[in-house]
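Okay, thanks for coming, everyone.

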Amino acid sequence: MWLKLLSAGPIAILLALIVVLSIAAPNFLTPRNISNILAQTAVIAVVAMGQHLVILTRGIDLSVGSNLALATVLGALTWHTTGSDILTVLAMLASGAGVGAINGMFYTFGRLPHPFIITLATLSIAKGTALQLADGRAIPGMPDAIKFLGGGSVLGVPASFFVVLGVAGLILLMARRMVWGRWIYAVGGKPEAALRMGIPVRGVLISTYVMAGLCAGVGAVLLAGRTDAGSPLFGNLLELDTIAAVIIGGASFLGGRGHIGHALVGAVMIGVIRNALNLLNVDIFFQLIAIGVVIVLAVEADVLRTYLEGRVRTLRAARLQ
């Protein structure tokens, strides 16, 4: 029971935050504002789910923001060249997955000491490529289907919210019903033991970076649809937001622990904080400080939670002896 209570910490914090903010800002819980929060956090939530998979394996992907920007630019160019909705979406998804595959293969086959190196490199390469292709400017125009996914609504609920649910359901299905999901936790928990067990560690690592890139591609579709444009300037600091969402949600940088739902909770928490600060007319520069403070508190909470979980397991084992 105690372990379940500890794992429910991020959800409890989010609920408490909502209660406090609804008192501080009376218009916070209005249907219109809730819809705005869901729309604003959709991109962070989708990309954070891919980042979550990478962090589960003790990795990190710093390129997701630039990857998203490049995908929107390639999508815009594809739309203006072909006029095809399907090809435009496929171009974005393929671009995202392609950058993710490069990250994974260079990290594993290049025997790099940490994925920080290659993802930092692709952050710069993808951003530079996007700027070059778009000549440093936004490219307006997106298909109606993409504009609906990014900016449309169904019965007052943003269409992007259903995309987030679809991606979350797919990843959850893969993680819970496929051996691939168990491999991810095994690789993140104890890589050496996973290798001795015959788990294809390299393949698992590459697949997580491909999934992270694919999620960036889905995020590109949503953002391009919401803004009706592709731009090389999209995705600035998105890598920090997604890492923050995953850590705030309760995942550990040590790998092997976390739930996809927690990444969504972390993304919503970031969206709620920013939305509330806007409603309260708080300076935008202070918002950056607030998010940074939340990240520090989340990391400290993770350290405390790990310690308490260890104590609970130790006491439980002592009682069984």
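I'll start with the whole chain and then go to a few places in it.

First, the housekeeping: this is a predicted model, where local features need pLDDT of at least 70, side-chain atom pairs count only at pLDDT 80 or more, and totals for chains, interfaces and linings use all residues. Residues are numbered from 1 along each chain as its sequence is written, and side-chain values use heavy atoms, with hydrogens and water left out.

So, the overall picture. The protein chain has 14 helices and 4 strands; those are DSSP runs numbered from the N terminus, helices being H or I with at least four residues and strands E with at least two. Along the principal axes, the C-alpha atoms fill a box of roughly 70 × 55 × 35 Å. The radius of gyration is 20 Å, which agrees with the value near 20 Å for a compact globule of 321 residues. That radius is taken over C-alpha atoms, and the globule rule is 2.2 Å times the number of residues to the power 0.38.

How much of the chain is buried? Buried residues are 49% of the 321, where buried means under 20% relative accessible area, exposed is over 50% and partly exposed is in between, using a 1.4 Å probe and protein chains only. As for contacts (heavy atoms within 4.5 Å), of those with a separation of 6 or more, 79% join residues 24 or more positions apart.

Now helix H12, residues 238-248. This one is mostly covered, with 10 of its 11 residues buried. Among them are Glu-239 and Asp-241, along with Ile-243 and Val-246. After H12 comes Gly-250, with a positive phi near 110 degrees.

Next, His-262, which sits in helix H13, residues 260-279. Why does His-262 count as buried? Because its relative accessible area is 17%. A polar atom of the His-262 side chain lies 3.4 Å from the backbone oxygen of Gly-249. For a polar contact, we want N or O atoms within 3.5 Å; within protein, one must be able to donate a hydrogen and the other to accept it, and residues adjacent in sequence count only if both atoms are side-chain atoms.

Last stop, Met-211, in helix H11, residues 201-227. Met-211 is buried too, at 13% relative accessibility. Leaving out residues up to four places away in sequence, Met-211 touches Gly-50, Leu-53, Ile-171, Met-174 and Trp-180. Val-154 is 57 residues from Met-211 in sequence, and their C-alpha atoms are 27 Å apart.
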